[in-house]
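Please read the following alongside the coordinates. The walk goes from the ligand site to the strands and then to some backbone details.

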Amino acid sequence: MNKSYKIGVIKGDGIGPEIIDEAIKVLDAVSVALNFNLKYQEMLLGGSAIDETGVPLPEETIQGVKKCDSVLFGAIGGPKWDTLERHLRPESGLLGLRKEMGTFANLRPATVYDELINASTLKASVIKGVDIMVVRELTGGIYFGQPRELLAESAYNTMVYTKEEVQRIAKVAFDIAMQREKRICSVDKANVLEVSQFWREIVEEMAVEYPEVELTHMYVDNAAMQLIRDPKQFDVILTGNIFGDILSDAASMLSGSIGLLPSASTGKGVGLFEPIHGSAPDIAGQGIANPLATISSASMMLRYALGEDAAANKIDEAIKKALQDGYRTGDIGDFDAKEIVSCSQMGDIIADYASR
Ligand code: NAD
């Protein structure tokens with residue numbers, strides 16, 4: 001019997017429904033081509049959830065995601081809900097969902113497509129061939145450490161990592177490295193911070209279990225500089241919450257357009273796969289959004305959550321071919337386009353190429 005997976009689908013707001021529809025089109029095409037079944041269950045989050053249920057994260061969604069094999073998510077938010085109190089806003093729904101799902105690992109690939117090399121602000125010779133995976137710890141470190149306080153004459157936050165927190169994120173990075181070039185650069189500030197010395201020790205211990213993986217360490221200030229100077233030196237970057245926040249944004253801009261970049265947040269249970277961009281209310285409903293970031297997120301879901309690597313490869317190749325053939329949505333239309341296509345035409349093209 002064919003394998004069957006249950007996918008939670010959260011379309012969200014703005015361009016969310018448009019881009020998710022295209023990702024599903026592509027998922028359907030590869031699942032038919034490779035003989036596995038995908039069943040989808042739609043769930044509400046964000047503004048659309050507020051409109052229907054009065055809250056940004058309905059209980060049904062919290063329970064629903066836990067029964068899925070993985071969750072594909074578009075984007076939430078928009079001006080319509082911006083005046084609501086903080087805890088009722090769409091963004092609170094997303095943060096709450098991530099917390100409920102326990103997604104402690106944020107994976108952000110930064111890939112540069114040859115065809116879009118001119119879309120980057122960096123020289124072609126520096127970025128040609130860049131293919132980095134940033135593995136960022138997402139639920140610990142200074143953003144969550146206690147004690148924390150804002151006083152009249154001073155303020156403080158605390159950077160804490162437990163052994164378990166470092167071990168589990170390091171394991172994610174080593175497992176991913178095994179599927180790639182088997183090189184990890186662990187980024188910290190061990191020359192100044194005890195918490196970073198601790199991080200280093202735990203990562204070194206984990207490396208013993210992965211003798212094939214080459215592990216190096218780099219201070220975060222140097223890593224920021226190296227990412228811009230020579231990004232090709234990196235395969236997997238493993239780092240903590242605050243350093244990863246900054247480095248993953250810097251790395252993502254190597255590729256030139258926000259409409260291309262996928263992400264995955266994974267943890268102990270079900271993972272959440274989503275484009276890095278927001279709901280783009282300025283272009284919602286016009287059919288011009290770039291669906292490639294979401295389609296790439298679907299590919300990450302197949303690879304990292306479902307273990308359907310062949311299907312993920314088909315999608316990645318289809319995206320490359322569509323770009324090679326000169327198809328561009330408007331946001332990347334200035335870069336060697338042969339034909340500007342709509343969101344849904346881009347979905348059709350990728351689905352067609354991926355099903356061959
Ligand atoms: P945004 O990412 O939505 O848009 C920034 C710019 O990029 C806009 O000009 C937009 O048109 C363009 N853009 C984004 N995605 C695109 C795509 N796929 N194709 C073509 N162009 C694209 O960021 P913003 O404008 O700061 O935020 C808009 C809303 O999205 C806000 O309510 C914000 O809170 C929310 N947001 C949600 C998420 C999420 O759901 N994960 C992330 C960031 C922002």
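This is a predicted model: local features need pLDDT of at least 70, side-chain atom pairs count only at pLDDT 80 or more; totals for chains, interfaces and linings use all residues.

Residues are numbered from 1 along each chain as its sequence is written, and side-chain values use heavy atoms, with hydrogens and water left out.

Start at the ligand. The shell around the ligand holds 21 residues, of which Ile76, Glu91, Gly278, Ala280 and Asp282 come nearest; a residue counts as near if one of its heavy atoms lies within 4 Å of the molecule. By class, the shell has 10 nonpolar, seven polar and four charged residues. Here Ala, Val, Leu, Ile, Met, Phe, Trp, Tyr, Cys and Pro count as nonpolar, Asp, Glu, Lys and Arg as charged, and the others, Gly among them, as polar. Strand β3 (70–75) and helix α4 (90–101) each supply at least two residues of this shell. Helices (H or I, at least four residues) and strands (E, at least two) are DSSP runs, numbered from the N terminus.

An N or O atom in the side chain of His277 is 3.1 Å from a nitrogen atom of the ligand, and one in the side chain of Glu274 is 3.4 Å from a ligand nitrogen atom. Ser279 takes part through its backbone, with an N or O atom 3.1 Å from an oxygen atom of the ligand. Taken alone the ligand exposes 810 Å², and the protein buries 67% of that (Shrake-Rupley method, 1.4 Å probe).

Turn next to the strands. Strands β1 (residues 3–12) and β2 (residues 36–42) run parallel and are joined by seven bridges; two strands pair if DSSP finds at least two bridges between them. Gly8 has Gln41 in β2 as its bridge partner. Between β1 and β2 the chain passes through helix α1 (residues 16–33), in a right-handed β-α-β crossover: with the strands pointing away from the viewer, the path from the first strand over the helix to the second runs clockwise.

The backbone details come last. Most residues other than glycine have a negative phi, and most peptide bonds are trans. Asn35, in the loop between α1 and β2, has a positive phi near 60 degrees. Asp336, in the loop between β13 (327–328) and β14 (339–340), has a positive phi near 55 degrees. The peptide bond between Gln146 and Pro147 is cis, with omega about 0 degrees, and Pro147 is found in the loop between β5 (131–137) and β6 (149–150).

Notes: A polar contact is a pair of N or O atoms within 3.5 Å; within protein, one must be able to donate a hydrogen and the other to accept it, and residues adjacent in sequence count only if both atoms are side-chain atoms.
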